[in-house]
Amino acid sequence: MNDMIKALAVGAMVSAPAASAIAQIQYPQAPSDGTVYEAFGLKVNDNYRPLENDTAAATLAWVKAENKITDSYMSRVRYRGDIKARLKVLNSYLKSGAPSLENDGMYYFFENDGLRNQSVLYRQATPTSSAEVFIDPNQLSADGTVALKGVYQSHDGRYTAYTVSRNGSDWVEIFVMETQSRKLLDDHIVWAKFTGAEWHGDGFYYSAYDRPEAGKEFSNANEYHRVYYHKLGTPQQADELVFEDREQPLHFHSVGVSNDDTALFIYGSGEGNGNSLMVRDLRQGDDAPWLVVEATQSYEIAPIDVVDGMIYMLTSDNAPKYRVVKAPLSAPQKANWVEVVPEDDGVLVGATFAGDKLVVTYDRDASHHAFVVDADGRVLREIKFPACGSVSFSASRKQPEVFYEFTSFTYPRSVYSYDMTTGESTLLKTSAIEGFNPDDYVTEQVFYTSKDGTRVPMFIVYRRGLKRDGSNPVYLYGYGGFNVPLNPGFSANRLLWLENGGIYAQANLRGGSEYGEAWHEAGTRMNKVNVFDDFIAAAEYMITEGWTTRERLVIEGGSNGGLLVGACVNMRPDLFAVAIPRVGVMDMMRYHLFTIGWNWAHDYGTADDSLEMARYLLDYSPIHNIRNDGTPYPAILVTTADHDDRVVPAHSFKYAATLQAADTGVRPKLIRIDSNAGHGAGKPMEKIIDEWTDMYSFIYYNLGIEPDIKK
């Protein structure tokens, strides 16, 4: 693709016919019933309540009609096929993960040689020997919609359990095979969720819900998350109930077993900003008493490993930026904690044993820094990376080698080995992408001021030599919630935007974990509007600093980021040209009533909490604040999927229906509803490329820009 976009100089000429065609869209009539309900005396309109029933005939007919309109609209974009072809080329590169030594003495790694719908799990005798396929999830379905979610090997290496999800759902099934022969056993677990398979003895622990009501598998609220033990060779109905909490139906209960098979952990979550933790000392037998490490969900606490009877834990207790502590397995209560790695200026986001030492990773100004420390927490050296970016380590006490994966905005994920003796990193695997040279692009970090004076970081990525003359299209992305940081990461799909002269901007909004728990809390509950103010300020910064104009500004976000986009469009419809809210939380008054929506209450609060909370949510809820007075809105493409049981599609359905019925100007308000897909994780490559093709087609068409696609 050429350095600049063909139509920058003739944008007005291209955009005029686009607007004319847009005005002719006839949206389908959505099922409605005029519902109005009260929350602490507040009148709440919910006219499109029937769309919450995603299996009803009227809803299915509406979905079909909406997709027909969207498909027809996209078919007008003459360069749509060129975009898809280029995205295929950009995604056709080797994607390889770091090897991990498992209990059978073999090294395992994931790899995708290009455009396979799902990455394949391989194994090899050494990190450099030839590899064989262990599990190929592409063989589990014809269209790649069955995803391999996790792989768990027994302590003796004899058996391997693995979890799969279908059509992007959070529901998983567990299968078991003999590791050496890969022979599938009869053991099969269904209706499991948010779980792995944690081995102990001749079976494994897992978490599951009761079988949901037929026809409402992907929408009904999930209650009573229980921990079971499955003994190999027995039916699921015979599985032993290990733990449940009848007083807390909305809590998650996850399970873990230490690498040395001496400790069984139960994690509780779903209420606070952290998790509770109990442990059973398996050295005393499977019926040993539960010992409470943390009773509340006020802090994060995660065991790293058990070493010589001592539990090493990463926690935010008395450390908003996290620390590492240790305590005896026989007496793990706080009174017995010994600090190993103290809290630092950076946020401690990871710690793993590498032999008898620890590798710790910090988040500093939204990029990763890693250090080797001894078992007493003394820093031995820093591990240097090629640029600001993100890193994940593959290491353990049993594994003689240390591997890590590094990525940044212009660095595809690369695999390195690290010598713990010399401190040297060696590149093992990297990728070359046709027509892409990372040296052609620049990444810089800026800090801008939000509405209340808070200093917020943002990454800006663009082609070297780009002029800051206000004519550049900008793609602004944000999330801002649930303690999730936005660190530098590579996206082949993003390259199409960059190589056409576009700028990618990624704002590190409050609500994430970039600066610890205080940064997170500043974007939650009654502080949630801070997140929207941060995002709006990021857009204003890009304009005032001469990067772009509002006529060239695109915003996008998914899930909580979809809420972000929807809320910001309502607050400042004048500021953006195009908005893409993906799988967003759009009904803040009822989100907690579906699947696991109740789990988000610690970030959002709920309309059932108080009049003050209900009023606050109603004041920014995207569905309830769409203007209907002729105020021009940006062009909006809503995306969702029929099997999204994380953020149910009813959010996007009701939001799109409300938009289409409102008087918000002539720009299009479309919805793209994917089939046999979910919230995003595990989506096959073919569907990913199709979605990005439509997103870019919509964006360029409504910016009045025709991209110069490389052939």
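Buried here means under 20% relative accessible area, exposed means over 50%, and partly exposed is what falls in between (1.4 Å probe, protein chains only). The views below come from a predicted model, where local features need pLDDT of at least 70, side-chain atom pairs count only at pLDDT 80 or more, and totals for chains, interfaces and linings use all residues. Residues are numbered from 1 along each chain as its sequence is written, and side-chain values use heavy atoms, with hydrogens and water left out.

**View 1. Arg182 sits in the loop between strands E10 and E11.**
Strand E10 covers 171–178 and strand E11 covers 184–193; strands (E, at least two residues) and helices (H or I, at least four) are DSSP runs, numbered from the N terminus. Arg182 is partly exposed, at 40% relative accessible area. Its side chain gets to 3.0 Å from the backbone oxygen of Phe134, a polar contact (N or O atoms within 3.5 Å; within protein, one must be able to donate a hydrogen and the other to accept it, and residues adjacent in sequence count only if both atoms are side-chain atoms). Setting aside neighbours within four places in sequence, Arg182 is in contact with Arg123, Val133, Phe134 and Met177, contact being heavy atoms within 4.5 Å. Glu382 lies 200 residues away from Arg182 in sequence and 40 Å away in space, C-alpha to C-alpha.

A polar atom of the His651 side chain lies 3.1 Å from the backbone nitrogen of Met586. Leaving out residues up to four places away in sequence, His651 touches Gly584, Val585, Met586, Asp587, Tyr591 and Ile623.

**View 2. Helix H2 packs against H10.**
Two packed helices are described by the angle between their axes and the distance between the axes. For H2 (residues 57–75) and H10, the angle is about 65° and the axes are 12 Å apart; axes are lines fitted to C-alpha atoms over the stretch in contact, and angles run from 0 to 180 degrees between N-to-C directions. H2 brings Thr59, Trp62, Val63 and Glu66 to the contact, and H10 brings Phe653, Ala657 and Gln660.

**View 3. Two cysteines, Cys388 and Cys568, are picked out here.**
Cys388 is partly exposed, at 32% relative accessible area, while Cys568 is buried at 0%. The structure holds zero disulfides, a disulfide being a pair of cysteine sulfur atoms within 2.5 Å.
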